Amino acid sequence: QVQLVESGGGLAQTGGSLRLSCAASGNIDSINAMGWYRQAPGKRRELVTMITNGGSAYYADSVKVRFKISRNNANNTVHLQMNSLGPEDTAVYYCNAAYFWGGAVKYDYWGQGTQVTVSS
């Protein structure tokens, strides 16, 4: 099992920035990627960004230029720096830790979610 504890989030104005953090504990060796999903009201949960143990990162097109994911392997933490925020970024953001194999997620773990609200 892997436990994920998120921090950060909150309220920002359009054009502002926020930083999310997620600390993983437990059986860290069982995962090979960490990242963030988000779910806006009335919408499906969507992948925002993931970073592998090797440091390769994926970004959704909607955030590619504005968001940056980083990881600290020493303390098993990932950070999401979100810049140029807009109302469309308002959502609950969920930290995710996954084991990928053969291009698919074999199993994963979720944080409790943290609210990000961007006012216009």
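**View 1. Contacts across the sequence in the whole chain.** Among contacts (heavy atoms within 4.5 Å) between residues at least 6 apart in sequence, 54% join residues at least 24 apart. This is a predicted model, where local features need pLDDT of at least 70 and side-chain atom pairs count only at pLDDT 80 or more, while totals for chains, interfaces and linings use all residues. Residues are numbered from 1 along each chain as its sequence is written, and side-chain values use heavy atoms, leaving out hydrogens and water. The chain has 11 strands and zero helices; these are DSSP runs, E of at least two residues for strands and H or I of at least four for helices, numbered from the N terminus. Its C-alpha atoms fill a box of roughly 40 × 25 × 25 Å along the principal axes. Of the 120 residues, 42% count as buried, where buried means under 20% relative accessible area, exposed over 50%, and partly exposed in between (1.4 Å probe, protein chains only).

View 2. Zoom in on M34: leaving aside neighbours within four places in sequence, its contacts include L4, M50, I69 and V78, plus both C22 and C95.

**View 3. The C22–C95 disulfide.** With a disulfide taken as a pair of cysteine sulfur atoms within 2.5 Å, the count comes to one. The sulfurs of C22 and C95 sit 2.0 Å apart, and the link is left-handed, with -85 degrees about the S-S bond. C22 is in strand β3 and C95 in strand β9, so the pair ties together parts 73 residues apart in sequence. C22 is buried at 0% relative accessible area, and C95 also counts as buried, at 0%.

**View 4. T114 and its surroundings.** T114 is found in strand β11 and is buried, with a relative accessible area of 12%. A polar atom of the T114 side chain lies 3.1 Å from the backbone oxygen of G8. Leaving aside neighbours within four places in sequence, T114 is in contact with E6, G8, G9, L20, A91, V92 and Y93.

Key. A polar contact is a pair of N or O atoms within 3.5 Å; within protein, one must be able to donate a hydrogen and the other to accept it, and residues adjacent in sequence count only if both atoms are side-chain atoms.
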